[in-house]
Structures are given as C-alpha cells and as structure tokens.
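Subject: Handing over the structure

Hello,

I am passing this structure on to you, with some notes on what turned up in it. Please have a look at it first and then read on.

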Protein chains: 2
Amino acid sequence: MNVITIERKVLAKNDQVAAENRAAFAAHHLFVVNMVSSPGAGKTSLLERSLETLKGSLRVAVVEGDVQTDLDARRVARYGVPAVQIVTHGGCHLEAKLVQDAIATLDLAGLDLLVIENVGNLVCPANYDLGEAMKVVVVSTTEGDDKPLKYPPMFRNAPVLVINKMDLVPYLDADPDVLERHARQINPALTVFRTSCRSGEGIDAWCAWLAAQVTRRP
Amino acid sequence: MNVITIERKVLAKNDQVAAENRAAFAAHHLFVVNMVSSPGAGKTSLLERSLETLKGSLRVAVVEGDVQTDLDARRVARYGVPAVQIVTHGGCHLEAKLVQDAIATLDLAGLDLLVIENVGNLVCPANYDLGEAMKVVVVSTTEGDDKPLKYPPMFRNAPVLVINKMDLVPYLDADPDVLERHARQINPALTVFRTSCRSGEGIDAWCAWLAAQVTRRP
C-alpha cells in the first residue's frame, strides 16, 4: 500500500507542476499538444509532415521525449524549428517537471504552437498531465484494430485520435473502420483523423485542425 | 529519493518471486519464454502461428498479459492449449507474483513450453524478471529501424529478437537490415529471426528453435 500512496504523491506533485506549465502556456496564448502512441506509430513522421505544411503560417516549437538518443530532435530541427530533446534514461513517460525544464530554454512569447512528443508507450503517459491543452493519440493501422479495447485509459484521456499509415491498409487484415469504432466505444466524443505520411493523405485536414485550435486560443 | 528506494524494494520482492517461479519451472523441466514488444507488433499472431506449427510435437500453455480485456487468451485458446489471462487494470507490465498466481491454475508437469505474452510496452517490462528462461523481443518492420537505439534496455535484456511483419517491407521506408544492425549494436549476441504471420516466412525456423530449446532443457 505504501507504493500506491507514493504514486499518488508523485501524481499530485506532477499535477501541480503541470498547472504551472499550463499557466505559462496561457500567459503566452500558446496551444500545446501532447502526442502519445506506441513506439513506431509514426509520431515523428507526422510531426515532420506537419512542420512542412505549417511552415510560414504558424510559429512552432517541439519538445521531444525519448528513453534514449536525440534522434527525434535532430529530425525535427531540420525543419528550422526550435527543438528540445528530453532523454528519460529508462523512464517510460514524460513528467511535467521535465517539460518545465525544457520550455525554460524556449522563447514561448514567440510561438503559436508547441508540440510535445511523448515517449512511445501506450500505457504510462496516459496518467501524466504535462500542462498541455490536449493529448493526441496516434495509432498505426499496422498495430491492429483492437488497441483501444486493450489500452483504454489512453483513448479515454485523449480527445483526438490520428489513425496513421493509411497507405498500408491494402496489405493488412486490420480495418481502420473497426479501429475507429473500438476507439469511439471507449471515447464517443473523439475527433478522428486518418493520415499517411507517405502518400500525404489527411495531412492537410490534420494541419488545418491544428491551425484552427491556434486561432481559437484565448 | 523515497520513490527510488521503494522502486528498489518492489524490484527485490519481484526478483524473489521470480526465483520461486524459476524453481517451479525447473522442477518440471519446463522451458519458459517471456514475449515482449510494442503494442501491435504481432506477439499474439506469432503465437497463434507457432501453436499451429508446434501442435502434436510440444505441449504448450500460454499466459496472456493485458491492460484490459481477455481478447488474447480467447484467441490463443482456440488452438486447444491451456490459456490464462492476466488483466493488469492499467498496470504497464507483468510482475512475477501475477505469473505465480496464473501458473497455479496450470498443470506444469504436463507441459513442455510455457509462453508468457507480456503487456505491449517496449519500456517497463524490460526490468521485471518473471522467472522465464529468456525474454524474446518482437519488433514489427513497420515500427521503423531505430527502435533498438531509442529503447535499449529491452534489447539488452532479451537474447532473442524476432523481426515480424516481413511481408510489409516492400511498402516501407524502414529497412530490417538496419534494424538488425542497430539491435546488434545494443546486444551483439542476439539471435535474430525474421517472420511474417501472413506469408509464413520464418515461422518454421522460429518454431524449430523453440523446439530445440525444449529438447536442451536440463
């Protein structure tokens, strides 16, 4: 029972720092998304496509979270945006304090959109608020259509679902319609996008939605 | 620092129960693998294909670990093998005690091979010994070729790598040779199989290896 108590304390402390992050983002009218997924669902590729599309219209920065390496921050930095890499050294999710330290190195006043790419993990990041406006869960069509049922907390806590790698559907047994139906069983209010970073399918709609969130910010 | 201390205590307690599991497996000359991967890498499909192939030659049972649902145990039970489902209710990995409770429902003396399918998570299960002979890490070709570098503990702790969904390689930018090279950078002693549950590629070699481990058991 000790462990549960301490886990609660960890979450309470995290929520407090997340509230500080949220206040800092609000002070700069900054829209912040926390992208979560399994490893290899294509978060970084989706981000690269989005940076390409949004170039010139939105001022974007990226915080990358990984267990090891700064590969993703390097990929993203090629698009000319500020990119900060957090290495968790074995940690299975980002925490608000890590994000607080990362954004201290960014000029928030000069930004419209901050994308936080979490560690690839469909379980642990579900419970950690980073101060974001919302979580966006990315699922690859190749992961099968049963993931929302098997990992419900993530789909309950993310108001937006991106079904990625749509170009591979012809070669799979999994069905994105079934995946979407399972996700809506867990979270009926989901906003759903279907994308392919290879073919470009759905990237414009996803980026238009992102841009609209920025416009609507208080 | 409290949290770290308690985490150490949790791991020490887990290791103690894992040792009890390992002794029980040894007493029955049972070969036990702990299959780990990202969500949707194809562990259950690989297991289904293996059960089909090994039918009549090995007596197999399966312990399934999932955050939610008993979908996987139902899939596996169709192959006429004993299958126990552990639902972690949000927990991000299996622990030795959960496996101990699960195997109490099995007749270990009547088995040659026990497959434990862990929760889909490339981070947390790396640190939890369940009493298995070895971890087998399954990676789908669709996850990209950089996963060993980004999630090194799992590849360090698993002596066997299965690169699955080989049938999709023609439609991907990721290269299984690069994936394998990255994995060997982390763990040079890796045994590597390349499989496709759709085409059947590599299933025989993987199953022959499993059968050989059973024969070699003390």
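Asp72(B) and Lys150(A) form a salt bridge in this predicted model, and their closest N and O atoms are 2.7 Å apart. How many salt bridges are found across the interface of chain B and chain A? The count there is 6. On the side of chain B that touches chain A, at least two residues each come from α1 (2–27), α3 (71–77), α5 (147–150) and α6 of chain B. Of these elements, α1(B) gives the most to that side, with 4 residues.

Chain B puts 39 residues into the contact, and chain A puts in 39 residues. Between them the two chains bury about 3000 Å², and 63% of this lies on carbon and sulfur atoms. In chain B, the residues that lose the most area to chain A are Pro39(B), Lys150(B) and Tyr171(B), which together make up 20% of what that side buries.

Next, the nonpolar core. In soluble globular proteins, nonpolar side chains tend to be buried together. Here the largest nonpolar core has 43 residues. Which residues have the most contacts inside it? They are Val137, Phe155 and Leu161, in chain A and in chain B. Two or more residues of this core come from each of β5 (134–140), α6 (152–157), β6 (160–164) and α7 (176–186) of chain A, and likewise from β5 (134–140), α6 (152–157), β6 (160–164) and α7 (176–186) of chain B. The element that gives the most to this core is α7(A), with 3 residues. If you zoom in on Val137(A), leaving aside residues up to four places away in sequence, you will find that it touches several residues, including Val36(A), Leu122(A), Met154(A), Phe155(A) and Leu161(A).

Now to the aromatic rings. Over all chains there are 9 aromatic pairs. Are Trp206(A) and Trp209(A) buried or exposed? Both are buried.

Chain B has a pair with another geometry to look at: Phe193(B) and Trp206(B) have ring centres 5.8 Å apart and planes at 70 degrees, so this pair is edge-to-face because the angle is over 60 degrees. It links distant parts of the chain, with Phe193(B) in strand β7 (residues 191–194) of chain B and Trp206(B) in helix α8 (residues 203–216) of chain B, 13 residues apart. Phe193(B) has 11% relative accessibility and counts as buried, and Trp206(B) is buried with a relative accessible area of 1%. Back in chain A, Phe31(A), Phe193(A), Trp206(A) and Trp209(A) form one aromatic cluster.

Finally, two backbone details. Lys165(A) has a positive phi, near 65 degrees, in a residue other than glycine. Lys165(A) lies in the loop between β6 and α7 of chain A and is buried, with a relative accessible area of 13%. Thr69(B), also not a glycine, has a positive phi of about 75 degrees. You can find Thr69(B) in the loop between β2 (60–66) and α3 of chain B.

Terms used:
Residues numbered from 1 in each chain as written. Chains lettered and ligands numbered in written order. Predicted model: local features only at pLDDT ≥ 70, side-chain atom pairs only at ≥ 80, totals over all residues. Heavy atoms only, no water. Phe/Tyr/Trp six-rings, centres within 6.5 Å; stacked < 30°, edge-to-face > 60°. Buried < 20%, exposed > 50% of the residue type's maximum accessible area, 1.4 Å probe, protein only. Core = buried A, V, L, I, M, F, W, Y, C linked by side-chain atoms within 4.5 Å. Contact = heavy atoms within 4.5 Å. Buried area = accessible area lost by both parts, 1.4 Å probe. Salt bridge = Lys/Arg side-chain N within 4 Å of Asp/Glu carboxyl O.
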